[in-house]
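Open the model in your viewer and switch to a cartoon view. We will go from one selection to the next.

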Amino acid sequence: MFKMKVDVAIPNTKLDFFTYNTGIDLQVGDLVLVPLRNKLKYGVVLKANSQRDITGMKDVKELIESKFIPTNILRLYEWMADYYLSSLGEVLRLALPSKILKKYEYTQRPSIPPRITESPLPTYPQSNAIKRILTAVKHDSFETFLLYGITGSGKTEVYLKCVEDVIEKGGRALALVPEISMTPLLFKKFQERFDKQVVTIHSSLTDKERRKLWYAIKEGEYRVIIGPRSTVFIPVPGLKLIIVDEEHDHSYKEHERMPRYNARDVAVMRGKFENCVVILGSATPQIESYHNAGIGKYQLLTLKERIDRKPMPEIEMVDLKKESKKFISPQLETKIEEVLNKNEQTIIFLNRRGFAPNLICPHCGFIAKCPYCHLPVVYHRAERKETALLSCHTCNYKSRVMSICPKCRRRTLLYRGAGTQRIEDMLNRIVERLRLHPEQISEPVVLRLDRDTAKRRGEAEKIFEMFEDGGAKVLLGTQLVTKGLDFPEVTLVGIVNADVILNLPDFRSSERTFQILTQVAGRAGRGAKPGKVLMQTYHPEQYSILYSQLQDYPQFYAREMKLRKDLQFPPFSKLILLRVKGENEAIVWNEAKKIFDIVKKRRNIRVFGPNRSFYYKVRKIYRVFILLKTAKDFQHRRLKFLNSLRLKNCTLDIDVDPLEVF
Ligand SMILES: [Zn+2]
Ligand SMILES: [Zn+2]
């Protein structure tokens, strides 16, 4: 009887593959059912004709579906497992949501015929960028373009024009967005132009819907696929173009599970495996990306001007050191009043939810803290006083608000600092005082957008729509209001506290500060009227704040690169963060020290730690980290053994190219 051996990758395992005997003629990419530890599991054939010889080999039970995953996509998954020091089993767990693996009868439907709506004429810089991208598309060659365009310079139109050409020639495009809920406008623009050929993947799809969509996309029903980071895994026939919008955004990084991939970098590799063109777009590229453009790894395309030569907003700093302890300075208040009186719109940004970040006792120095994380809890006001909460933003622990200080028993507790709820109150008071013309406004005049007001899907979109209608005058929010919004009536952006991110103990905190401030400032003056930005800060001289005021990315880049070079941080080195987590504090440190000693023996690696994580204790779990620094060309795959280390009552999280080091 015909027999051969095959290597099969099985989702949710710590190994890359298992080897089986089979009498079935199997090909790479087939979906099969195999026995594993007395259970039947789904797996993907990684290699037919395996030469591996092991005893007690079992037989493949059944072929479920042939050509389930195309070979080049499987190679991409393999690359991910190696690069992120993870396993193919772990990659498959993320790449293929569980219900996809069941047998599914896909009914072939004709793909939607290309149809394109009239589009505006591109500007000269836009058409220049489009031309260069499309030349690469035409030659089916792998090429990565960094589209660096200032806010309001029309990057989206470049994407649309390139996709248009790809569709006309019968190809397909994939567009990654930081999060669908945060970029409703991008989807809307694609849909307006390409109608039903566009499909989006979003997190609230049921498993069944997701599976249906996955097959429909794989079979080529759609021409343009838009989705968050996990969309990068989906097989797309005839893929010609991958777009990563806001490539600097941290939500492209998998934050919880292994492999801790960055979808931007995976997209670039996918372009390489599939010989297609990749566009990375941003007004504030990640330092590494701009560096890659500088050394010729990426092609740099620049859009230096806003569309129709609209001016950039004028940015004014308010030095909070010179102001009385007000959260909204008199300057900002006056400006808000002016804009309200002119019936224009304002965006107010504060990257902090809740009413006040601290509840303190000025008498004895008590600070209310989370019993699990030992970090200050945030006071969240509620409509009824009894339902007000103290909430830990790290582990989500919640408790009732106390009225008596638990330490000194006095009734002297105070709220310190301001979150979005408190600022909302202040803005409402300004609005009330002004007695605006009732015909020009609709209630509520002030809209708040943060994770508390937009918990469920669709709520953020609803708030954006209310603001777009024009009846609401002020949009107040956290980072959700900084991303890609395009409201032409916004003439004022107020930044309540520019320093929030700067205070994080991380080598990227300046970069993050520059990015967020530039992005939020870029929301002003996108329509006919010029925009103004007021930036409140205690550190007006800090370079990331200074250069965001000057709106000078190249200068910021030069300054930041100098610092990175001095400290040998990326792009001058490669970082790998190892985080050991466990309930027993002593064991966690012990295991961390063991790992430290193992890695220390390897050549060409500098090892730092073990150190307490900034969030040292989260939900009773202690967290300790070790930082590895290597040369950029270091073959870090040699460290893959770390993923299969057996630790005592601890887990090890391996983060290659971490975005946060604390
Ligand atoms: Zn007290
Ligand atoms: Zn906590």
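## A hairpin and its neighbour

Strands β3 and β4 form a hairpin, with two residues between them. In the turn, pick out Arg-37: its phi is positive, about 45°. Keep in mind that this is a predicted model.

Now select residues 31-36 for β3 and 39-48 for β4. The two strands run antiparallel and are joined by six bridges. Show Pro-35 and look across to β4, where Leu-40 stands opposite.

Leu-33 faces Glu-62 of β5 here.

## Two packed helices

Next, select 124-138 (α3) and 155-168 (α4). Their axes lie 10 Å apart, at an angle of about 35°. The crossing is right-handed. Turn on side chains at the contact. From α3, show Gln-126, Ala-129, Ile-130, Ile-133, Leu-134 and Val-137. They meet Glu-157, Val-158, Lys-161, Cys-162, Asp-165 and Val-166 of α4. By class, this contact has eight nonpolar, one polar and three charged residues. In an α-helix, residues three or four places apart point the same way, because there are 3.6 residues a turn.

## Helix α10

Last stop: residues 420-434, helix α10. Its 15 residues reach 21 Å from first C-alpha to last, close to the 21 Å expected. Which residues of α10 are buried? Select Thr-420, Gln-421, Arg-422, Ile-423, Glu-424 and Leu-427. Their cover includes β14 (345-349), β16 (378-380), β20 (446-449) and β21 (474-477). Finish on Arg-435, which follows α10 and has a positive phi near 50°.

Note on methods: Residues are numbered from 1 along each chain as its sequence is written. Chains are lettered from A and ligands numbered from 1 in the order in which they are written. This is a predicted model: local features need pLDDT of at least 70, side-chain atom pairs count only at pLDDT 80 or more; totals for chains, interfaces and linings use all residues. Helices (H or I, at least four residues) and strands (E, at least two) are DSSP runs, numbered from the N terminus. The expected span of a helix is 1.5 Å times one less than its number of residues. A residue is buried if 20 or more other C-beta atoms lie within 10 Å of its own, exposed if 12 or fewer, and partly exposed in between; C-beta atoms are placed from the backbone. Two residues are in contact if their C-beta atoms, placed from the backbone, lie within 7 Å. Two strands pair if DSSP finds at least two bridges between them. Axes are lines fitted to C-alpha atoms, for helices over the stretch in contact, and angles run from 0 to 180 degrees between N-to-C directions. A crossing is left-handed if the near helix is turned anticlockwise from the far one by less than a right angle, and right-handed if clockwise. Ala, Val, Leu, Ile, Met, Phe, Trp, Tyr, Cys and Pro count as nonpolar, Asp, Glu, Lys and Arg as charged, and the others, Gly among them, as polar.
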